[in-house]
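Subject: Structure handover

Hello,

Here is the structure I promised to pass on. Please open it and keep it on screen while you read my notes below.

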Amino acid sequence: MWIAAIALSVLVALVFVANGVAKLLGHPKMIEASTHLGYSVRAFRIIGLLEVFGALGILLVPFCVPLSVAAAIGLVLLTLGGFVVHLRASDPIRLAAPALGCALLAAAAAGLQIVAA
C-alpha cells in the first residue's frame with residue numbers, strides 16, 4: 001500500500017508541476033485561459049506557484065505524512081475552486097472536467113497516504 005501511495009503522489013506531483021510551471025512561465029494557452037476566466041496574469045501565476053508548492057509538498061510523503069496530506073488537501077481545494085470558476089465562466093463540462101479529475105487524483109493520493117501511514 002505504501003508503494004501505491006508514493007506512486008500516486010509522484011503522478012499527482014507531475015501533473016501539478018506541469019500545470020503550475022506553464023502558468024508561471026506564461027504559456028500562451030494559460031494567458032488565454034486567465035483572460036477567459038477573468039483573472040489577471042499575475043493572479044494566474046500565483047495559482048501556478050501554489051500548484052508547484054503543493055506538488056513539492058505532496059512529494060514529502062516518505063518524510064512527513066501529515067505535511068504531504070495537507071499539501072494534497074490544499075491541491076484538492078485549489079482544483080475544486082478551478083472547477084467552480086470554469087462553471088461560472090459558462091465553460092462546457094468537458095473544459096471543467098480536468099480540474100475535477102485533478103481534484104479526485106489529489107484526494108486519492110491523500111487517502112492512500114493516510115491509509116498507508
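The largest pocket has a volume of about 740 Å³. Keep in mind that this is a predicted model. The lining of this pocket comprises 24 residues. Closest to the pocket centre are Lys23, Ala33, Leu37, Phe44 and His86. Which elements give two or more residues to the lining? They are α1 (2-24), α2 (28-37), α3 (41-58), α4 and α5. By class, the lining of the largest pocket has 13 nonpolar, six polar and five charged residues.

Look at Lys23 next. Lys23 sits in helix α1. Is Lys23 buried or exposed? Its relative accessibility is 12%. The cut-off for buried is under 20%, so Lys23 counts as buried. Now find Cys102, 79 residues away from Lys23 along the chain. The C-alpha atoms of Lys23 and Cys102 are 16 Å apart.

Now the helix pairs. Start with α4 (residues 65-88) and α5 (residues 93-116). Their axes come within 8 Å. They cross at roughly 165°. An angle over 145 degrees counts as roughly antiparallel, so α4 and α5 are roughly antiparallel to each other. The crossing of α4 past α5 is left-handed. What kinds of residues make up the contact of α4 with α5? It has 20 nonpolar residues, five polar residues and no charged residues.

The loop between α4 and α5 holds Ser90. Check its backbone. Phi of Ser90 is near 60°. That is a positive value in a residue other than glycine. Ser90 has 64% relative accessibility, so it counts as exposed. The cut-off for exposed is over 50%.

The second pair is α1 and α3. The axes of α1 and α3 also come within 8 Å. Their crossing angle is roughly 160°. That makes α1 roughly antiparallel to α3. The crossing of α1 and α3 is left-handed.

Begin with Ile3, in helix α1. Ile3 has a relative accessible area of 71%, so Ile3 is exposed. How far apart are the C-alpha atoms of Ile3 and Gln113? They are separated by 9.8 Å. Along the chain, Ile3 and Gln113 are 110 residues apart.

Next, go to Leu105, in helix α5. Leu105 has 30% relative accessibility and counts as partly exposed. Leu105 lies 102 residues from Ile3 along the chain.

Finish with Val41, in helix α3. Val41 is partly exposed, and its relative accessible area is 32%. Where does Val41 lie in relation to Val10? The two are 31 residues apart in sequence. From C-alpha to C-alpha, Val41 and Val10 are 28 Å apart in space.

To recap, with the structure in view: go back to the largest pocket and find Lys23, one of the residues closest to its centre. Then turn to α4 and α5, and trace their left-handed crossing. After that, find Ser90 in the loop between α4 and α5.

Best wishes

Key. Residues are numbered from 1 along each chain as its sequence is written. This is a predicted model: local features need pLDDT of at least 70, side-chain atom pairs count only at pLDDT 80 or more; totals for chains, interfaces and linings use all residues. Side-chain values use heavy atoms; hydrogens and water are left out. Axes are lines fitted to C-alpha atoms, for helices over the stretch in contact, and angles run from 0 to 180 degrees between N-to-C directions. Helices (H or I, at least four residues) and strands (E, at least two) are DSSP runs, numbered from the N terminus. Angles under 35 degrees count as roughly parallel, over 145 as roughly antiparallel, 65 to 115 as roughly perpendicular and the rest as oblique. A crossing is left-handed if the near helix is turned anticlockwise from the far one by less than a right angle, and right-handed if clockwise. Ala, Val, Leu, Ile, Met, Phe, Trp, Tyr, Cys and Pro count as nonpolar, Asp, Glu, Lys and Arg as charged, and the others, Gly among them, as polar. On a 1 Å grid over the protein atoms alone, a cavity is a set of points where a 1.4 Å probe fits but cannot get out, and a pocket is an open set with protein on both sides within 12 Å along at least five of seven lines; lining residues have an atom within 4 Å of a point. Grid points are joined across faces, edges and corners, and a volume is the space filled by probe spheres set on the points. Buried means under 20% relative accessible area, exposed over 50%, partly exposed in between (1.4 Å probe, protein chains only).
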